[in-house]
Amino acid sequence: MVSVTRAVFGDLPLGAGTVEKFQLQSDQLRVDIISWGCTITALEVKDRQGRASDVVLGFDELEGYLQKQPYFGAVVGRVANRIAKGTFTLDGKEYKLAINNGPNSLHGGVKGFDKVLWTPRVLSNGVEFSRVSPDGEEGYPGELKVWVTYTLDGGELVVNYRAQASQTTPVNLTNHSYFNLAGQGSPNIYDHEVTIEADAFLPVDEVLIPTAHSGKNCSPSTASLGEIASVQGTAFDLRKPVELGKHLQEFHVNGFDHNFCLKGSKEKRFCARVHHAGSGRVLEVYTTQPGVQFYTGNFLDGTLKGKSGAGYPKHSGFCLETQSWPDAVNQPHFPPVLLKPGEEYDHTTWFKFSVA
């Protein structure tokens with residue numbers, strides 16, 4: 001059984017609307033989601049002693065989400081992740097997007113799907129949010145109708161994304177929750193054991209765009225294409241569990257902010273597992289998406305005051321953003337990211353919590 005309750009979370013400034021909070025509760029999970037950005041604001045999971053802790057970073061009040069902050073818990077779009085130089089060409093026409101992350105466009109632009117009020121509809125076991133992204137919003141072509149549905153099933157939070165376009169447009173939707181299985185406000189995630197079921201990853205340049213092929217063997221036609229690299233023998237080989245802190249030290253890496261390439265198919269498949277030995281909590285992620293961005297909160301710096309006054313320093317949360325690959329609209333050999341009129345974008349990600 002799942003209960004769904006609805007309450008006011010806060011009012012937007014200048015009479016721009018009321019943000020509601022929807023609380024979904026099963027025997028194993030309690031999830032709070034607000035209509036601003038379809039944002040997960042709390043996710044309570046029991047440990048092996050049966051004690052519940054909130055395992056996502058975020059804020060107590062609406063004001064926290066309205067300030068400049070790193071997409072805590074939000075749905076990001078129209079295109080999640082980075083588009084190089086904020087430009088792409090479709091049918092001979094060049095589109096220019098807002099540049100909001102170094103030289104690139106990130107997570108839909110200046111006012112992406114995370115910074116708008118969505119229309120909610122209560123379901124028996126969850127909540128559906130919808131909106132229409134107008135033609136030209138943030139520079140993207142065509143009108144896009146979008147539905148994001150959160151449902152609970154025991155220990156599983158299921159997120160489904162659907163979209164329909166009036167004109168061909170890139171679409172890539174994900175949820176940007178930051179998790180800490182020790183409980184939000186815990187100082188770091190170094191004691192988390194991580195597994196990612198990926199044989200390949202996308203190396204990135206200094207502005208976090210997939211890097212061009214290098215080496216003598218590449219023809220001029222592929223010279224500018226993003227490289228797909230094997231994880232074998234690198235810090236990115238997470239196919240067997242690694243303890244994050246030790247692993248980062250061993251390979252002298254500052255953290256992860258990379259797309260891992262999953263086996264290509266539209267079917268539900270295992271993507272990642274994170275285990276926190278101290279509490280016994282386990283998060284498993286399954287998805288229909290071709291990639292997952294594993295991000296270890298490298299840009300968190302402790303300046304934001306989170307729930308119950310928690311500071312969120314570097315590496316105090318991790319994201320597993322299931323997605324199409326970054327800059328795919330400019331990379332013809334990456335899995336396709338274009339949605340055409342008459343088609344439906346339809347992807348699902350499952351977050352399954354348990355104890356071990």
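Predicted model: local features only at pLDDT ≥ 70, side-chain atom pairs only at ≥ 80, totals over all residues.
**Notebook: rings and charges**

I began with the rings, and found that ring pairs link Phe9, Phe59, Tyr65, Phe72, Tyr178, Tyr295, Phe299 and Tyr312 into a cluster. For my notes, rings of Phe, Tyr and Trp (its six-membered ring) pair if their centres lie within 6.5 Å, and planes under 30 degrees apart count as stacked, over 60 as edge-to-face and the rest as tilted.

Residues are numbered from 1 along each chain as its sequence is written, and side-chain values use heavy atoms, with hydrogens and water left out.

**Aromatic pairs**

I noted 23 aromatic pairs in the structure. I looked up Phe72 and Tyr312, which pair edge-to-face at 5.5 Å centre to centre, with 75 degrees between the planes. Phe72 is in the loop between α1 (62-66) and β6 (75-76), and Tyr312 is in the loop between β24 (291-295) and β25 (319-323), 240 residues apart. Here helices (H or I, at least four residues) and strands (E, at least two) are DSSP runs, numbered from the N terminus.

Buried means under 20% relative accessible area, exposed over 50%, and partly exposed in between (1.4 Å probe, protein chains only).

Next I checked Tyr178 and Tyr295, an edge-to-face pair at 6.0 Å centre to centre and 75 degrees between the planes. Tyr178 lies in the loop between β16 (174-175) and β17 (192-196) and Tyr295 in strand β24, so the pair ties together parts 117 residues apart in sequence. Both Tyr178 and Tyr295 are buried.

**Salt bridges**

How many salt bridges are there? I have 15 in my notes, each a side-chain nitrogen of Lys or Arg within 4 Å of a carboxyl oxygen of Asp or Glu.

I looked at Glu20 and Arg6, whose closest N and O atoms are 2.8 Å apart. Glu20 is in strand β2 (residues 18-25) and Arg6 in strand β1 (residues 3-11), 14 residues apart. Glu20 counts as buried at 18% relative accessibility, whereas Arg6 is partly exposed at 46%.

I then found Arg82 and Asp257 meeting in a salt bridge (3.9 Å, N to O). Arg82 is in strand β7 (residues 82-83) and Asp257 in strand β21 (residues 257-261), 175 residues apart.
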